[in-house]
Protein chains: 2
Amino acid sequence: MDFQQQSKAAIRASGGRITSQRELLIDLLAAHNDEIDAETLHQLASQHDPNINLATVYRTLHTLEAAQVITSHYVSTDHERKVYRINTKQDVFHFTCRRCGRMTTFNSPLVGQIKAALAAELGAVELTLCMCAGGLCAQCQAETAETG
Amino acid sequence: MDFQQQSKAAIRASGGRITSQRELLIDLLAAHNDEIDAETLHQLASQHDPNINLATVYRTLHTLEAAQVITSHYVSTDHERKVYRINTKQDVFHFTCRRCGRMTTFNSPLVGQIKAALAAELGAVELTLCMCAGGLCAQCQAETAETG
DNA sequence: TTAACTGCAAAGCCTTTGCTCGTGA
DNA sequence: TCACGAGCAAAGGCTTTGCAGTTAA
């Protein structure tokens, strides 16, 4: 069962309806291989349905997240913006340079280990982790050294 | 040099002034051994200076963070609220239960390892990490099992 | 003296919510 | 049919900012 089918099944299973807006958003999420924030998704959706509302996008994202077919987290220590992605087993996080703002995706088996440690120590389940790193990237270090 | 002296020196070094408000906030931060959010710090400060404004608290926290004597990060996956703490070498993060909202502090050598991995792989420096975990705590699992 | 700082209030930013009309099942 | 969902606009919650008066150095 692919993402679209899975999403629709989950929505129906909880008594929800498949509206044209939801279907569009699900398709866009499926086609988008990376994380995406609500506003960008809304912009994409607007190209197909100019009347779709940002609130609808947020509500649909919540619905899908509750159905556990997508996950969300924040991407930088500064930017207060949530991104959403199709639920994968992989743990990904981001490094954002304080100076140039460039973002780098990062993933490490250590993240899984942290989850395991949390589960073991606290007995917690359904763990989601939000991780974002900030700092000075290599290039900005060099430029800072030059210009002072 | 203790935290207070260090903070004042850093403020002066950047052309800033030591106002009574800043001095009060620095003292409160020094006395507070844990993380604290802007509003709580403001409440504490109000007991000593009833006129101190929340905006001043935020501005002072930014100043101190820029001076690198304190650090900040979010404590829940919702990024609801930023907390500040005296700059220590220790990496701490938090687990928040999705159901009861209880927060548990957690710290693991793995966090340091992730920083090291980031530094090694990206060549980044001045790393700050925002880490927060969400999930279902042991107690809520039990209660959920009972009530359905 | 005078540039930096404060208090106040208002604005920003992302996200959520109340309301009413529309629509899927 | 009729409860769920959409669109719209306004509100919410934390944080930032413009302004004018205040104060450290």
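Me: Why is E23(A) called partly exposed?
Reply: The model is predicted. In it, E23(A) has a relative accessible area of 31%. Buried means under 20% and exposed over 50%. The value falls in between, so E23(A) is partly exposed.

Me: What makes K8(A) count as buried?
Reply: K8(A) has 16% relative accessibility. The cut-off is under 20%, so K8(A) is buried.

Me: How do you know that K8(A) forms a salt bridge with E23(A)?
Reply: The closest N and O atoms of the two are 2.7 Å apart. The limit is within 4 Å, so the pair qualifies. K8(A) sits in helix α1 (residues 3-13) of chain A and E23(A) in helix α2 (residues 20-31) of chain A, 15 residues apart.

Me: What makes K8(B) and E23(B) a salt bridge?
Reply: Their closest N and O atoms are 2.6 Å apart. That is within 4 Å, so the pair counts. K8(B) is in helix α1 of chain B and E23(B) in helix α2 of chain B, so the pair ties together parts 15 residues apart in sequence. K8(B) is buried at 16%, while E23(B) is partly exposed at 33%. Over all chains, the count is 2 salt bridges.

Me: Why are β2(B) and β3(B) called paired?
Reply: They share 5 bridges in the antiparallel sense. At least two are needed, so the strands pair. H73(B) has V83(B) as its bridge partner in β3(B).

Me: Why do β1 and β2 of chain B stand at the edges?
Reply: The sheet order is β1-β3-β2. β1 (36-37) and β2 (70-74) each have a single partner strand, so one side of each lacks a neighbour in the sheet.

Methods
Residues are numbered from 1 along each chain as its sequence is written. Chains are lettered from A and ligands numbered from 1 in the order in which they are written. This is a predicted model: local features need pLDDT of at least 70, side-chain atom pairs count only at pLDDT 80 or more; totals for chains, interfaces and linings use all residues. Side-chain values use heavy atoms; hydrogens and water are left out. Helices (H or I, at least four residues) and strands (E, at least two) are DSSP runs, numbered from the N terminus. A salt bridge is a side-chain nitrogen of Lys or Arg within 4 Å of a carboxyl oxygen of Asp or Glu. Buried means under 20% relative accessible area, exposed over 50%, partly exposed in between (1.4 Å probe, protein chains only).
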